[in-house]
Amino acid sequence: MAPLMFAGLVLFLLLGYPVAFALAANGLLFAFIGIQSGLFDFSLLQALPERVYGIFSNQTLLAIPFFTFMGLVLERSGMAEELLDTVGQLFGRVRGGLAFAVVFVGALLAATTGVMAATVIAMGLISLPIMLRYGYDKRFASGVIAASGTLAQIVPPSIVLIVLADQLGASVGDMYTGALAPALMLAGLYLCYVLGVTLVKPQAAPALPPQARTLRGLALVQRVAITLIPPLVLIFLVLGTIFLGIATPTEGGALGAAGAVALAALRRRLTLDVARQAMDSTARLTSFVIFILIGSTVFSLVFRGMDGDLWVESLLTQLPGGAIGFLIVVNLLVFGLAFFLDFFEIAFIVVPLLAPVAAKLGIDPIWFGVLLGINMQTSFLHPPFGFALFYLRSVAPKSVRTTDIYWGAVPFVLLQLLMVAIVIAFPQIVGHAPIVPESAIMEVPLEVDPDAGFLPPEWR
């Protein structure tokens with residue numbers, strides 16, 4: 001029944017039903033079939049209300065609306081536009097300077113907003129027309145903007161990492177700490193690619209002409225200081241307090257949301273319309289996540305009741321190569337699913353099935369979560385269903401064809417796969433060993449005085 005249930009879910013998704021309702025409907029359908037055929041115990045459904053209540057009372061998930069609201073307020077208050085304009089002026093005299101600026105601002109916005117859609121749309125509206133106006137190659141410019149926007153999915157405070165930590169039963173703070181170095185390395189790979197393009201094909205990324213660089217000297221220095229200091233302060237307010245152990249991720253998200261509101265108010269851009277749009281989008285995204293979680297809870301409860309977890313475990317633990325074979329197959333599976341499924345769908349359907357097997361093989365959940373996060377990031381750039389490509393298409397000029405956007409994203413997908421290989425080959429950059437050796441699990445002898453008064457008589 002478990003393979004049939006998984007195939008039924010795939011069928012529901014291919015028919016175009018919303019993911020949350022497809023998960024729940026598929027679970028309830030097979031629960032009914034299982035009860036009628038005697039393969040599923042009806043009493044297991046009594047745990048469903050408790051599980052749904054557990055979703056609503058999950059303190060970790062509370063960080064999602066905080067970080068979303070923070071990002072939307074900053075995006076709508078014009079911080080992205082100021083950053084792109086200022087950094088573009090700073091790097092404009094360098095060949096490929098606008099592309100370097102887009103990667104730099106993409107990483108900075110990722111660390112402050114954590115909202116991929118807002119970053120891609122903002123950079124697509126502001127930077128893409130300027131890059132095209134001064135002779136940038138359409139594919140190269142589109143790829144740089146789309147890829148830099150997806151950095152929001154792996155650079156803390158990423159919503160992706162929050163969901164993965166929740167699904168893997170790991171600490172969000174530890175997940176943030178582990179993902180920081182790989183995220184910065186990935187941004188560095190993007191910069192290296194831009195540099196390579198400027199050396200191999202300089203006409204694809206020219207420098208800005210002198211008339212386009214309106215800020216120079218002291219005026220440029222003042223503009224850079226005024227523009228960069230507020231987001232850097234906000235980054236410390238959010239990530240610094242989390243890394244130092246002063247605040248939990250949820251509390252850090254609340255600090256970030258309050259800081260974003262304060263920054264927008266100081267700039268006199270906190271209008272009623274900005275607040276309404278930010279709250280509306282935050283409510284929509286949070287509801288989206290909660291509904292998918294409820295649907296995945298129904299599905300996973302019935303799937304486990306059908307011994308589906310044992311079926312998946314038997315499939316993956318019998319792979320040749322042990323833990324290494326498991327990691328290779330899982331990464332290929334996630335990469336393949338990313339062509340058709342969104343990150344949330346993969347996180348709520350596939351990751352709960354992989355987590356018990358990874359734990360049984362002794363794979364560290366933090367390292368495994370960071371690895372999956374980098375791999376899942378490709379789902380936002382995959383032609384033809386990458387969401388970053390859709391967002392960029394919605395704001396790109398008509399002169400940029402959809403095929404230009406798709407081909408421009410391909411080199412960056414390859415760079416993300418290279419980063420997956422680097423994390424596997426050099427796990428120390430995450431700060432966690434990939435495989436927990438059995439020798440690390442120590443048996444601590446417990447010496448207790450049998451005459452101690454707190455022991456029950458039958459234990460003495």
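Me: Is Ile 346 buried or exposed?
Reply: This is a predicted model, and in it Ile 346 is buried, with a relative accessible area of 0%. The cut-off for buried is under 20%.

Me: Where is Ile 346 in the chain's helices?
Reply: Ile 346 is in helix H16, which covers residues 343-349.

Me: Which residues is Ile 346 in contact with, leaving aside neighbours within four places in sequence?
Reply: Ile 346 is in contact with Val 334, Leu 337, Ala 338, Leu 341, Val 351 and Met 376.

Me: And what separates the C-alpha atoms of Ile 346 and Trp 367?
Reply: A distance of 18 Å separates them, and the two residues are 21 residues apart along the chain.

Me: Val 351 was in that contact list. Which helix has Val 351 among its buried residues?
Reply: That is H17, where Val 351, Pro 352, Leu 353, Leu 354, Ala 355, Val 357 and Ala 358 are buried. Helix H17 spans residues 351-360 and is mostly covered, with seven of its 10 residues buried.

Me: What follows H17?
Reply: Gly 362 follows H17, and its phi is positive, near 80 degrees.

Me: Zooming out. How many helices and strands are there in the chain?
Reply: The chain has 20 helices and zero strands. Its radius of gyration is 24 Å, close to the 23 Å that the globule rule gives for 460 residues, so the chain is as compact as a globular protein of that length.

Me: What box do the C-alpha atoms fill?
Reply: Along the principal axes, the box is roughly 85 × 55 × 50 Å.

Me: What percentage of the residues is buried?
Reply: Buried residues are 51% of the 460 in the chain.

Me: What share of the contacts with a separation of 6 or more comes from residues 24 or more positions apart?
Reply: Such residues account for 80% of those contacts.

Me: New topic, rings. How many aromatic pairs does the count come to?
Reply: The count is nine aromatic pairs. In one of these, the rings of Phe 140 and Tyr 193 have centres 6.2 Å apart and planes at 45 degrees, so the pair is tilted. Phe 140 is in helix H8 (residues 138-150) and Tyr 193 is in helix H10 (residues 172-200), so to speak of sequence, they are 53 residues apart.

Me: Which residues do ring pairs link into a cluster?
Reply: The cluster consists of Tyr 136, Phe 140, Tyr 190, Tyr 193 and Phe 412.

Me: Now charges. How many salt bridges does the count come to?
Reply: There are four salt bridges. One of them joins the side chains of Arg 139 and Asp 404, at 3.5 Å from N to O. Arg 139 is in helix H8 and Asp 404 is in helix H20, 265 residues apart.

Me: Which of that pair is buried, and which is partly exposed?
Reply: Asp 404 counts as buried at 5% relative accessibility, and Arg 139 counts as partly exposed at 35%.

Me: Where do Asp 280 and Arg 284 lie?
Reply: Both are in helix H13, four residues apart, which is about one turn of the helix. Asp 280 is partly exposed at 38% relative accessibility, whereas Arg 284 is exposed at 58%.

Me: Last one. Which residues form the nonpolar patch on the surface?
Reply: Met 1, Leu 4, Leu 29, Phe 32, Ile 33 and Leu 39 form it, with about 540 Å² of accessible area together. Helix H2 (residues 19-37) gives the largest share, three residues.

Technical notes: Residues numbered from 1 in each chain as written. Predicted model: local features only at pLDDT ≥ 70, side-chain atom pairs only at ≥ 80, totals over all residues. Heavy atoms only, no water. Helix = DSSP H or I, 4+ residues; strand = E, 2+ residues; numbered from the N terminus. Buried < 20%, exposed > 50% of the residue type's maximum accessible area, 1.4 Å probe, protein only. Contact = heavy atoms within 4.5 Å. Phe/Tyr/Trp six-rings, centres within 6.5 Å; stacked < 30°, edge-to-face > 60°. Patch = residues over 30% accessible without salt bridge, like charges linked within 9 Å, V, L, I, M, F, W, Y side chains within 5 Å. Areas by Shrake-Rupley, 256 points an atom, 1.4 Å probe, with all protein chains shown as cover. Rg over C-alpha atoms; globule rule 2.2 N^0.38 Å.
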